[in-house]
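Please read them alongside the coordinates.

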Amino acid sequence: MKRGRKKQPQEAPGIGDFRQVGADTAAGWSTHEKDERLVATHCCFCGVQCGMYLRVAPDGRVFGVEPRDHDINKLKLCPKGVTAYQQVNHPDRLTHPLMRESRDEPLRPVSWDEALDRIVSEINRIQDSYGRDAFAIYSGSSMTTEKTYLIGKFARVALGTANIDYNGRLCMVSAAAGNKKAFGIDRAANPWSDMFETDVILVAGSNVGECFPVMTQYFWGARDRGAKLITVDPRETALARTADIHVGLRPGTDAAFFNGVLHVIERDGLIDEGFIAERTVDWEEVRTMVRTYTPEKTGEVCGIEPALIEAVGRVWGEADKAMAFHARGIEHHIQGVGNVLTVINLVLATGQIGAPGKGYGTITGQGNGQGGREHGQKCDQLPGARAIDDPEARAYIAKVWGIDESELPGKGMSAVELIHAAEAGEIKGLIGLCNNPLVSMPNADRIRRGYDALDFHCQLDFFLSETAERADVVLPVTAWAEDEGVTANAEGRIVKHNKATEPLPGVRTDWWIVCELARRLGRHADKFAFDSPREIFDELRVASKGGPADYHGVTYERIEETGGIFWPCPDEDHPGTPRLFEDRFYYPDGKARFTAVEWAPPAEEVGDEFPMRLTTGRTVAHYLSGNQTRRIGALVQQTPRPWVEVHPSLGFVNGDAVRVVTRRGEVTYPALVVTTIRPDTVFVPYHWASPVAANELTVDDLDPTSKIPEFKVCACRLEPGVEITETPSPPVEAGKTPYSDAFGRDDDTRPPSVPQGRGTAQG
Ligand code: SF4
């Protein structure tokens with residue numbers, strides 16, 4: 001199909017909306033509406049959670065967006081934010097349940113009764129035959145906190161299975177485990193506004209400009225005030241280009257680097273002995289260990305000049321106030337938790353935490369990456385961020401839920417382990433919500449085998465994802481603008497998403513579906529008699545009371561009044577806790593824990609056969625598995641396909657077909673030649689499906705503690721390719737034409753012409 005927008009009445013709004021203000025849009029409606037309503041809400045995408053207004057026509061259609069002057073984003077939105085509304089009335093939306101009797105048949109529309117009855121009978125059949133734990137839930141963190149709470153309760157109370165986990169397992173769990181171990185609580189330590197008071201900011205493994213674009217204003221605000229910026233990343237990202245020091249280290253060497261920096265600080269007497277003595281334990285072991293990480297030894301491991309390590313040590317060590325941030329770049333490793341702890345060691349050793357301008361934060365990827373990991377959809381956790389193996393927590397939650405404690409299952413399998421267990425025949429049935437593991441999990445071939453081995457698979461989504469397409473039953477659910485509920489952003493600030501419009505005819509909210517399944521299953525059905533998100537939230541508040549993530553004092557009204565409340569917030573008179581650790585850490589003795597972490601190499605070392613390192617990540621126009629953004633015209637036009645980013649020294653030119661080969665598979669991408677990546681490293685963005693999925697290539701080794709996959713490094717080789725692998729259109733129901741094809745991507749194999757901060761070495 002040729003490039004160029006086709007004008008059809010059923011098309012979703014596209015790039016034309018922004019170029020032809022006042023003219024007819026792609027979908028044939030006007031960009032101006034008389035008597036429009038503005039509904040205050042937040043973006044559905046990343047962990048920044050920008051405030052926005054949705055523009056709603058008198059007939060209820062959501063037709064546009066305006067940025068809100070909210071504390072978080074101050075009138076700014078990124079390309080995903082300004083187009084998010086286009087999902088709501090998108091022609092690809094699912095509007096009826098789909099089902100098939102066998103996987104050889106196509107999915108066909110069925111009634112809600114038929115679909116729900118089938119799910120219930122499959123749950124009963126599988127659990128009667130193989131035991132309760134043979135049926136699993138794989139959930140998501142782009143949903144509101146109410147939904148994530150409810151699905152955790154459903155798994156434990158209605159299904160009685162231990163096996164529930166969520167897609168934050170691919171995202172935040174290394175940060176969560178590191179925070180819990182060091183501080184006794186899993187939340188970013190400071191509000192981002194603290195950045196305006198700091199002198200040094202260190203950002204490790206985060207392409208902020210593309211993954212969290214609106215957060216960039218905080219870094220630039222700090223810089224305007226004179227703060228120094230240090231970035232640590234194998235790629236010189238857009239943010240890195242504005243840094244005072246950029247450390248382009250080898251992927252998989254972060255722990256060595258941070259140990260090396262602490263070596264310099266300790267050697268030069270820049271540690272804060274008073275803070276260490278008063279507020280921490282276990283420093284001596286770390287001190288002894290980092291003394292072996294000389295800049296020379298560390299520089300060799302990291303593939304950087306020792307002088308860079310000295311420079312970072314000096315700038316951080318001499319700072320009056322400093323803050324550190326990190327994201328998936330250091331967390332997506334088999335040593336992900338260890339990497340996090342080495343950053344925390346640096347923060348603790350210099351006393352840079354617990355005061356304005358002194359602090360530490362993890363940057364959550366998903367919109368509700370923080371809230372979605374607090375209230376029970378993690379395999380090892382109960383509401384309030386309580387440990388599932390803590391007898392006191394179990395007794396409390398069992399009481400809130402009105403069940404006997406003995407009925408509460410224990411810890412289950414983590415996300416990737418669940419699908420591997422399906423491949424091994426241990427998990428027989430699965431309900432998936434709000435995720436697309438066929439694109440997002442590592443070593444995609446093995447994930448396909450896992451899903452194919454399931455006796456029964458049901459998927460809930462509002463678009464037909466690559467994973468839903470293979471399911472036995474697909475249930476259509478509401479988009480974010482059609483329901484209300486809370487999320488917690490990367491700062492730990494609880495915000496409220498408001499309903500802007502009624503659900504499309506035929507779709508249901510996820511929470512209604514869960515309650516209805518519980519009713520039909522009949523196990524503790526009375527515990528799921530919820531009529532609204534507010535009722536679920538009110539129970540969640542009680543369930544979280546007294547736990548680390550205490551929401552008891554948070555109400556919808558208080559969130560609306562304040563623009564957001566930071567937990568913990570134990571009662572309605574409590575103002576919330578924007579800055580943690582001012583007086584104490586969350587251990588009984590009030591002290592933080594140092595942990596000595598020796599650097600260990602990645603799961604796959606390079607060698608003669610695979611001499612390069614492959615790293616994967618995101619790009620500004622797309623979100624996670626791309627099931628939402630690969631359907632939005634403006635975003636597809638901005639970034640229609642994946643590419644491989646290579647250094648000029650490798651001899652390729654822009655647009656060359658380059659075959660990337662790993663032990664798991666091979667894909668041929670167009671080359672984007674940049675000077676901003678290490679010559680021994682290549683980068684591929686991961687938002688697209690097979691056969692171009694980056695996860696055809698990635699390794700599926702997991703961090704032993706957090707069980708996060710090592711997305712950020714595996715061994716690969718490059719070869720000149722012949723034909724660039726074709727990028728598939730997103731799946732749609734039988735009989736529909738994928739909307740994104742209107743832009744005709746397949747005859748244009750160039751890498752992105754607008755490099756979005758990456759730059760190209762070749763004009
Ligand atoms: S920065 Fe994140 S929350 Fe803000 S508009 Fe962009 S995707 Fe949405």
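1. Burial. A residue is called buried under 20% relative accessible area, exposed over 50%, and partly exposed in between, with a 1.4 Å probe and protein chains only. By that rule, 66% of the 763 residues in the protein are buried.

2. Basis. This is a predicted model, in which local features need pLDDT of at least 70 and side-chain atom pairs count only at pLDDT 80 or more, while totals for chains, interfaces and linings use all residues. Residues are numbered from 1 along each chain as its sequence is written, and side-chain values use heavy atoms, with hydrogens and water left out.

3. Overall form. The C-alpha trace spans about 70 × 60 × 55 Å along its principal axes.

4. Secondary structure and contacts. The protein has 22 helices and 28 strands; these are DSSP runs numbered from the N terminus, helices being H or I with at least four residues and strands E with at least two. Of the contacts (heavy atoms within 4.5 Å) with a separation of 6 or more, 74% are between residues 24 or more positions apart.

5. Ligand shell. Which residues are around the ligand? They are C43, F45, C46, Q49, C50, L77, C78, K80, G81, P213 and V214, each with a heavy atom within 4 Å of the ligand. The shell divides into eight nonpolar, two polar and one charged. In this scheme Ala, Val, Leu, Ile, Met, Phe, Trp, Tyr, Cys and Pro count as nonpolar, Asp, Glu, Lys and Arg as charged, and the others, Gly among them, as polar.

6. Backbone exceptions: peptide bonds. Most residues other than glycine have a negative phi, and most peptide bonds are trans. The bond from W567 to P568 is cis, with omega near 0 degrees, and P568 is in the loop between β21 (565-566) and β22 (592-593). Another cis bond joins S690 and P691, with omega about 15 degrees; P691 is in the loop between β27 (681-685) and β28 (714-720).

7. Backbone exceptions: phi. D282, in the loop between β11 (280-281) and α10 (283-290), has a positive phi near 75 degrees and is partly exposed at 45% relative accessible area. K707 lies in the loop between β27 and β28. Its phi is positive, about 65 degrees, and K707 is partly exposed at 24% relative accessibility.
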